[in-house]
Each structure stands twice: as structure tokens, then as C-alpha cells.
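Please read it alongside the structure shown below.

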Amino acid sequence: GRTGMNFWNGAADLKVMILGGTVILLFSIYICMKVYHKKYIFSLYNIGIFTGIFMVCILPFMYEDKAWLAFGRDSAAPFYNFLNKNAVINLSGIIIFYVVLMISEFRRTPSKSVVVRVISKSIDVRVIGFIFCTAIAGWYVVVFIYNGTLPLLNGRRDFYKDSRIANVLYILFSSMIPTLTIYYGLLFCRVKNRKNLVYLLAGSVTCLFSGNRSDLLMAGAYPMVLVMIYRHGKSRINSTIKIVLGILVILLAGLAISLFRSQGSTNIFSMFQEFVYGNTFSDLRDGAYILYGYDSKFDSYLLGKTYLAGLMSFIPSFLSDFKRTWGWGYFSPATLLGMQDHYGLRGGSYCEPYLNFGYVGVAVAALVQGRWLAYREEVFDQYLEGKNGNFEKKYLAMSVAGPLFHFMASSNGLRTFYINCLLLVGSSALYRIWIFLSGKHKSE
């Protein structure tokens with residue numbers, strides 16, 4: 001049959017179609033409200049809204065046999081019931097998320113975050129520079145020791161998996177550099193000096209050399225295009241049109257990087273196939289596979305086991321059997337499906353809350369995510385209004401705090417929160433020791 005037809009020919013439940021249509025309607029209402037109240041659509045934080053709606057729109061493709069080849073399955077039919085169930089779980093969560101987001105973002109009373117305020121006060125600009133330089137230098141040391149050349153040049157973007165030391169260090173540096181690159185990009189927009197420009201270029205070039213399109217485009221191009229257009233545009237509506245054109249240019253740049261990496265073997269059709277059948281936007285399919293494994297091994301909710309394992313993410317996995325069994329990165333592929341060499345299946349933002357606490361977990365996770373995005377959107381809007389002169393510092397604080405607010409949707413992410421807090425505290429201490437030993441404290 002034609003592509004996507006299984007969904008419409010009886011494979012999908014009617015309630016999946018109704019919920020999917022409701023999500024698309026709420027998305028449209030939200031965009032209209034955004035334009036009416038704020039006079040713009042895109043921000044630094046709502047890109048997930050658009051990737052999320054894209055995943056909903058390609059849901060029919062998940063009912064096709066091609067989508068299941070990634071799991072070594074040649075037929076989608078055995079998974080229709082699980083696709084329907086995961087779709088209902090996630091679409092229900094998205095509906096609650098949109099309702100909470102619209103109520104929270106467009107109300108008159110501004111939101112506040114104690115967590116962000118505390119983290120923001122603890123950030124020292126000089127310490128951030130120290131962390132950034134260390135991360136950049138450390139990234140190149142790890143790359144040339146364990147890969148011999150830049151990942152962009154030889155295509156070995158997973159070289160670090162061959163060594164436990166490289167695995168830890170490369171992931172650490174690679175997670176820090178994009179966020180700090182955006183920080184220096186925002187800072188450069190406000191304070192145009194040579195140091196900020198050098199830091200911005202160093203981060204952007206390093207993201208390019210990593211061969212990772214998302215790092216380059218999201219850490220360098222998208223935020224800078226967005227902020228520069230908004231800050232220098234005559235009106236927000238005109239700026240939004242320019243941003244749409246800018247996003248098209250960025251997507252073409254991503255295509256060019258793909259062509260370079262594949263040495264010309266990639267074409268538009270194969271990229272389309274990768275988008276709809278590959279692993280980039282496959283959360284709803286992956287969630288169905290998770291439910292398939294769960295159904296064969298469990299008959300009750302987990303009651304927070306994966307979250308407890310997430311809270312223990314500061315403990316190395318080899319020291320904890322509990323983590324190796326219930327940590328989401330182990331539980332979703334290995335415990336449920338026997339996929340030992342997989343780093344974890346996503347399943348959508350509301351699959352993990354459902355497996356732990358049912359629809360109560362889904363509702364709570366959607367409530368927290370809706371409030372968190374509304375808060376960040378308010379902060380960004382204040383920045384565009386010129387009411388938030390130190391926005392880059394708050395941006396960094398929100399990046400550090402982010403995994404805490406996304407904990408229910410992805411318990412694995414709390415490790416990043418611990419690492420970020422440790423880096424802020426540890427680097428601050430090291431920086432002050434260095435200042436003291438060098439005698440510079442006398443002149444400060």
C-alpha cells in the first residue's frame with residue numbers, strides 16, 4: 001500500500017486520531033495566541049514545540065513496516081496495539097501540556113523560579129570563562145588522543161565509546177561547549193568585545209568539527225540568527241518572517257553537512273526516509289516498543305523505580321545493580337528488550353511517567369513541563385523588551401536547572417544537573433585557589 005496508509009486503514013484507533021487532531025488544533029491556537037500577545041513565534045526555548053508537532057504529524061509512518069526495520073522487525077502489525085497505547089499516553093500528556101502552557105504564559109502575573117534565581121546568583125562570569133577554556137582545550141586533547149583527527153573529517157562521531165575515560169570526558173566536554181557557546185553569543189550581542197567574539201567563534205568552530213549537526217546549528221546558528229534578527233528588526237512580525245527564512249538556510253546548511261559526511265551518497269529522498277523512518281523523530285515508535293517489552297514482563301506500575309535510579313545518577317553504574325536494572329538508559333533497552341549495547345529508548349515525554357504512575361504521572365509531568373516552558377518564554381520576552389539586561393546569565397542558570405524540571409519526562413537527565421552544579425562549585429573553588437596562588441587577589 002501507499003506510505004502511511006496503514007494508519008488510516010484501521011491500524012490506528014479512532015481515539016488516536018481524535019487526540020492527534022486535538023493536539024494539532026491546540027498547537028495552532030497556541031501559535032495564534034503567541035502572535036496576538038507577543039507578536040512573534042520563535043524563541044530560544046520553544047523549538048521543542050515544533051519538533052514535537054512534527055513527530056505527531058509523522059505518527060502515521062510509524063505504522064509502516066519500514067519504521068520497524070531499525071529494531072530488526074520486518075512487520076509493524078504486531079505492534080499496532082502498542083503504537084495506539086503509546087500514542088494515547090503521549091498525546092494526552094501533550095494536550096495537558098498545551099493547556100497549562102497557554103494558561104501560564106499568557107496570564108498577567110509573571111512566573112518566578114527560586115531554583116533559577118539561586119543558580120543565577122552563584123554564577124561568576126570569570127569562572128564561566130575558565131570552564132569554557134578548559135572544556136575547549138579538553139575536547140581537542142581527547143579527540144586527537146583517541147580519534148587521531150577531527151570527527152568531521154573521518155566520520156567517527158562515536159570514537160569515544162571505545163574507552164571508558166574518553167567516554168566520560170568527551171560527553172562531559174561536548175555537553176558543556178554548545179551551552180556555553182550560546183552564552184557567549186548572547187553576551188556578544190550585548191557586549192561586543194574581542195574576547196566574547198573569540199569565545200563565540202571557538203565554540204562554533206568546535207561544534208562544527210564535532211560533525212554533529214545539532215550542536216552546530218542549535219549552539220551557533222539558530223540562537224544567533226534568532227537574537228540578531230529580533231534585536232535589529234523593525235517589527236517582530238517582520239523579524240519572524242526573516243527567522244523562517246533563516247531556519248530554511250540553517251536546514252540547508254545541515255543538508256550540506258550531511259552531504260559532506262556521506263561524500264555525496266545522501267539525497268533528498270533518502271533524507272526524507274531518514275526523517276520519517278529513522279531514529280531522530282522516532283519517539284512514538286520507540287515508546288511502543290518499550291510498552292511491548294513492558295507488557296511481557298510486568299503487570300503493574302513501577303511506582304518510581306526509574307526515578308529513584310535517576311536520583312542516584314551521581315553513583316557510577318558499576319557500583320549499583322539497582323541502577324543497572326532500573327536506570328532508564330538500562331531499563332528501556334536492556335531490562336525490557338535485551339538490547340545490551342543501546343544507550344536508551346526515549347518513548348516520548350510521557351512514556352516513563354506512565355510506566356511509573358499511570359496517567360497521574362503523565363498529568364504531573366505535563367503540568368511541570370508546561371509551567372517551565374511558560375517561565376522561560378516570559379524571561380525571553382522580557383529580554384526582547386529590554387527588561388532583562390543580564391539575560392545571558394539567566395539563560396545559563398536555566399540551562400543548568402533544565403534537567404531538574406524535565407526529570408519526570410527523562411530521569412536520565414538528572415546526571416547532567418549534578419554535573420553542571422559540580423562544575424559550577426568545583427570550578428569556582430579552583431579559580432579562586434588559582435587567583436590566590438598567583439597573587440592576583442591583592443589587586444582585585
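This is a predicted model: local features need pLDDT of at least 70, side-chain atom pairs count only at pLDDT 80 or more; totals for chains, interfaces and linings use all residues.

Just after helix 2 comes Lys-39, with a positive phi of about 70°.

Next, a helix pair. Helix 6 and helix 9 pack with their axes 11 Å apart, at an angle of about 30°. Angles under 35 degrees count as roughly parallel, so helix 6 and helix 9 are roughly parallel to each other. The crossing of helix 6 past helix 9 is left-handed. The table lists the residues that make the contact.

| Helix | Residues in the contact |
|---|---|
| Helix 6 | Gly-129, Phe-132, Cys-133, Ile-136, Trp-139, Tyr-140 |
| Helix 9 | Tyr-199, Ala-202, Gly-203, Val-205, Thr-206, Phe-209 |

Of the residues in the contact of helix 6 with helix 9, 9 are nonpolar, 3 are polar and none is charged.

Last, a lysine. Lys-393 sits in helix 18, which covers residues 391-405. Is Lys-393 buried or exposed? Its relative accessibility is 18%. Buried means under 20%, so Lys-393 counts as buried. Setting aside neighbours within four places in sequence, Lys-393 is in contact with Ser-120, Ile-123 and Tyr-183.

Technical notes: Residues are numbered from 1 along each chain as its sequence is written. Side-chain values use heavy atoms; hydrogens and water are left out. Helices (H or I, at least four residues) and strands (E, at least two) are DSSP runs, numbered from the N terminus. Axes are lines fitted to C-alpha atoms, for helices over the stretch in contact, and angles run from 0 to 180 degrees between N-to-C directions. Angles under 35 degrees count as roughly parallel, over 145 as roughly antiparallel, 65 to 115 as roughly perpendicular and the rest as oblique. A crossing is left-handed if the near helix is turned anticlockwise from the far one by less than a right angle, and right-handed if clockwise. Contact means heavy atoms within 4.5 Å. Ala, Val, Leu, Ile, Met, Phe, Trp, Tyr, Cys and Pro count as nonpolar, Asp, Glu, Lys and Arg as charged, and the others, Gly among them, as polar. Buried means under 20% relative accessible area, exposed over 50%, partly exposed in between (1.4 Å probe, protein chains only).
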